[in-house]
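Colleague: I am new to this one. Could you take me through it, one question at a time?

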Amino acid sequence: SVRPRTWQECRDLACYIGGPNPALRDDQSYSQAHYDQVCAQYGDPAMLTKYSLIFVDSITVAGRLCLQWAKGQPQAFSEKTGKPDTRGAYGLHASELVGWLTQLQHVRDKDIWLVGILDEKLDDFNRKVFSPQIEGSKAALELPGIVDQVISMVVLKSDDGTPYRAFVCQHINPWGYPAKDRSGRLEVVEEPHLGRLISKITAPRAQ
């Protein structure tokens with residue numbers, strides 16, 4: 001268990017887990033130079049081979065660390081006045097967070113699970129809409145396109161009105177919860193047991 005306190009630590013861990021991106025320059029995060037640096041700090045990455053699942057709890061907190069970091073960067077200040085520029089800060093935050101998520105997406109020998117809070121809001125027509133609780137709108141909008149599965153753990157009601165927990169796993173669902181199943185193996189509603197859900201997604205396909 002690792003508890004990063006800064007955005008730089010979050011980037012370092014993503015680089016360590018995901019390996020170097022050969023398309024990046026040495027002065028960029030997730031480059032070969034960055035990877036060499038974090039390997040010197042954390043040790044031989046071969047130790048990660050014993051792990052098959054990586055949980056990030058939570059992406060909500062990671063987004064807050066990213067925004068806090070972005071607000072201190074030169075892009076977050078006006079060149080003319082030197083005053084804070086909110087648009088610049090949120091633009092940098094969005095590109096950084098999406099880059100971080102993409103780095104984790106490139107991990108091929110492990111399953112990466114991102115945990116986050118589900119936000120409930122009202123749209124302009126006073127209808128309920130749900131989205132991941134992430135600072136800024138761009139990362140929340142792009143997240144479903146980056147990951148393979150989107151699963152909402154919610155409370156539903158049975159026919160007699162008894163509430164029960166469930167995983168909503170398919171995009172087309174009667175409640176409008178965020179969901180996506182690229183595996184093609186999940187029902188609209190699944191038992192809220194993460195171990196069994198992972199087994200169902202990753203089990204070998206029958207010939």
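Colleague: Is Pro84 buried or exposed?
Modeller: This is a predicted model, and the answer comes from its atoms. Pro84 sits in the loop between α3 and α4 (86-105). Its relative accessible area is 66%. The cut-off for exposed is over 50%, so Pro84 is exposed.

Colleague: Which residues is Pro84 in contact with, leaving aside its neighbours within four places in sequence?
Modeller: Pro84 is exposed, yet it has contacts of this kind. Set the neighbours within four places aside, and the partners of Pro84 are Ala76 and Phe77.

Colleague: How far apart in space are Pro84 and Thr49, C-alpha to C-alpha?
Modeller: In sequence, Pro84 and Thr49 are 35 residues apart. For scale, the C-alpha trace of the protein spans about 60 × 45 × 30 Å along its principal axes. From C-alpha to C-alpha, Pro84 and Thr49 are separated by 44 Å.

Colleague: What is the secondary structure of the protein, and how many of its residues count as buried, in percent?
Modeller: The protein comes to 6 helices and 9 strands. It has 207 residues. The share that counts as buried is 36%.

Colleague: How do α1 and α2 pack: roughly parallel or roughly perpendicular?
Modeller: Helix α1 covers residues 7-18 and helix α2 covers residues 32-42. Their axes lie 9 Å apart, at an angle of about 95°. Angles from 65 to 115 degrees count as roughly perpendicular. So α1 and α2 are roughly perpendicular.

Colleague: Which residues of α2 do the α1 residues meet?
Modeller: From α1 come Gln8, Glu9, Arg11, Asp12, Leu13, Cys15 and Tyr16. On the α2 side they meet His34, Tyr35, Val38, Cys39, Gln41 and Tyr42.

Colleague: Where is Tyr30, and is it buried or exposed?
Modeller: Tyr30 lies in the loop between α1 and α2. Its phi is near 75°, a positive value in a residue other than glycine. Most residues other than glycine have a negative phi. With a relative accessible area of 7%, Tyr30 is buried.

Colleague: Asn126 also has a positive phi. Is Asn126 buried or exposed?
Modeller: Phi of Asn126 is near 65°. Asn126 is found in the loop between β3 (118-122) and β4 (128-132). Its relative accessibility is 58%. Asn126 therefore counts as exposed.

Colleague: What is the peptide bond from Asp57 to Ser58, cis or trans?
Modeller: Most peptide bonds are trans. The bond from Asp57 to Ser58 has omega near 15°. This bond is cis.

Colleague: Is Ser58 buried or exposed, and which residues is it in contact with beyond four places in sequence?
Modeller: Ser58 is in the loop between β1 (53-57) and α3 (59-70). Its relative accessibility is 14%, so Ser58 counts as buried. Leaving aside neighbours within four places in sequence, Ser58 is in contact with Val115 and Gly116.

Colleague: How far apart do the centres of the positive and negative side chains lie?
Modeller: The protein has 24 positive side chains. It has 25 negative ones. The centres of the two sets lie 2 Å apart.

Technical notes. Residues are numbered from 1 along each chain as its sequence is written. This is a predicted model: local features need pLDDT of at least 70, side-chain atom pairs count only at pLDDT 80 or more; totals for chains, interfaces and linings use all residues. Side-chain values use heavy atoms; hydrogens and water are left out. Helices (H or I, at least four residues) and strands (E, at least two) are DSSP runs, numbered from the N terminus. Buried means under 20% relative accessible area, exposed over 50%, partly exposed in between (1.4 Å probe, protein chains only). Lys and Arg count as positive and Asp and Glu as negative; His and the chain ends are not counted. The place of a charge is taken as NZ of Lys, CZ of Arg, CG of Asp or CD of Glu. Axes are lines fitted to C-alpha atoms, for helices over the stretch in contact, and angles run from 0 to 180 degrees between N-to-C directions. Angles under 35 degrees count as roughly parallel, over 145 as roughly antiparallel, 65 to 115 as roughly perpendicular and the rest as oblique. Contact means heavy atoms within 4.5 Å.
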